[in-house]
Structures are given as structure tokens and as C-alpha cells.
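Some questions follow on how the terms for this model are applied. Each reply sets a value against its definition.

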Amino acid sequence: MNKSQLIEELSMRLALHPKKAESVVNTILNSITKAMKESRRVEIRGFGSFMLRAYKPYTGRNPKSGEKIKVKSKKLPFFKTGKDMRDRVNE
């Protein structure tokens, strides 16, 4: 399911105008993004949690040339599914 399909599903289930459903989805996604930018963990009970993971700098390799390159430290989003979600998927 992609973002537009999620908006369409929300619009149909709640009888919302598609623009209103899009606004709701965007508000949720923007709120999660903002919290993660502020290094806050976002937990949605029964679904999962979003957080940032920090990675230290390291020496990598260019796959084409084999040349060694320095990779800077970085933060990447990470999602961990909740137990309820895992149980529902595996029913």
C-alpha cells in the first residue's frame, strides 16, 4: 500500500473528502517526521515505534572502482513492529 492508496482507503472508510483525508495523512506523517528530527521516539501502541539510529563514521568501498571512501556519521530512521502487529500478521 502506498500513500495515495492509504488516503483513498481513509477517504472511503470515514466518508471524508479526498483532500481532507490527504490532510489527515500528511499531518500524521509530518508529526512523526518532526518528532524524529527532534530525536524523539514515536510509539503507536499495537502498531510499532519509530526512532532514529545513529551510525558512526566508517571506511567503505566504492562498488564500481573498489576505491576506499570515508562515510560520515549519520542518523537513519528505524521502525520496530509492536507485538500486537506481529501477532496480527502471523494469524
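Q: What share of the contacts with a separation of 6 or more comes from residues 24 or more positions apart?
A: In the chain that share is 32%, where contact means heavy atoms within 4.5 Å. The model is predicted: local features need pLDDT of at least 70, side-chain atom pairs count only at pLDDT 80 or more, and totals for chains, interfaces and linings use all residues. Residues are numbered from 1 along each chain as its sequence is written, and side-chain values use heavy atoms, with hydrogens and water left out.

Q: Why is Ser 49 called buried?
A: Buried means under 20% relative accessible area, exposed over 50%, and partly exposed in between (1.4 Å probe, protein chains only). Ser 49 has 4% relative accessibility, so Ser 49 counts as buried. Across the chain, buried residues are 15% of the 91 residues.

Q: Which residues does Ser 49 contact, leaving aside neighbours within four places in sequence?
A: They are Arg 41, Val 42, Glu 43, Phe 78, Phe 79 and Lys 80. Phe 79 is 30 residues from Ser 49 in sequence, yet their C-alpha atoms are 5.7 Å apart. Ser 49 lies in strand S2 (residues 48–55); strands (E, at least two residues) and helices (H or I, at least four) are DSSP runs, numbered from the N terminus.

Q: What is the order of the elements from the N terminus on?
A: The order is α-α-β-β-β-β-β-α, with three helices and five strands in the chain.

Q: How does the radius of gyration of the chain stand against that of a compact globule of 91 residues?
A: The rule for a globule is 2.2 Å times the number of residues to the power 0.38, and the radius is taken over C-alpha atoms. A compact globule of 91 residues would be near 12 Å, but the chain has 19 Å. The C-alpha trace spans about 55 × 30 × 30 Å along its principal axes.

Q: What classes of residue make up the lining of the largest pocket?
A: The lining has 10 nonpolar, no polar and no charged residues. Ala, Val, Leu, Ile, Met, Phe, Trp, Tyr, Cys and Pro count as nonpolar, Asp, Glu, Lys and Arg as charged, and the others, Gly among them, as polar. Among the lining residues are Leu 6, Val 24, Ile 44 and Phe 50.

Q: Which helix gives the most to the lining of the largest pocket?
A: H2 does, with five residues. Helix H1 (3–14) and helix H2 (18–37) each supply at least two. A pocket is an open set of points on a 1 Å grid over the protein atoms alone, where a 1.4 Å probe fits, with protein on both sides within 12 Å along at least five of seven lines; lining residues have an atom within 4 Å of a point.
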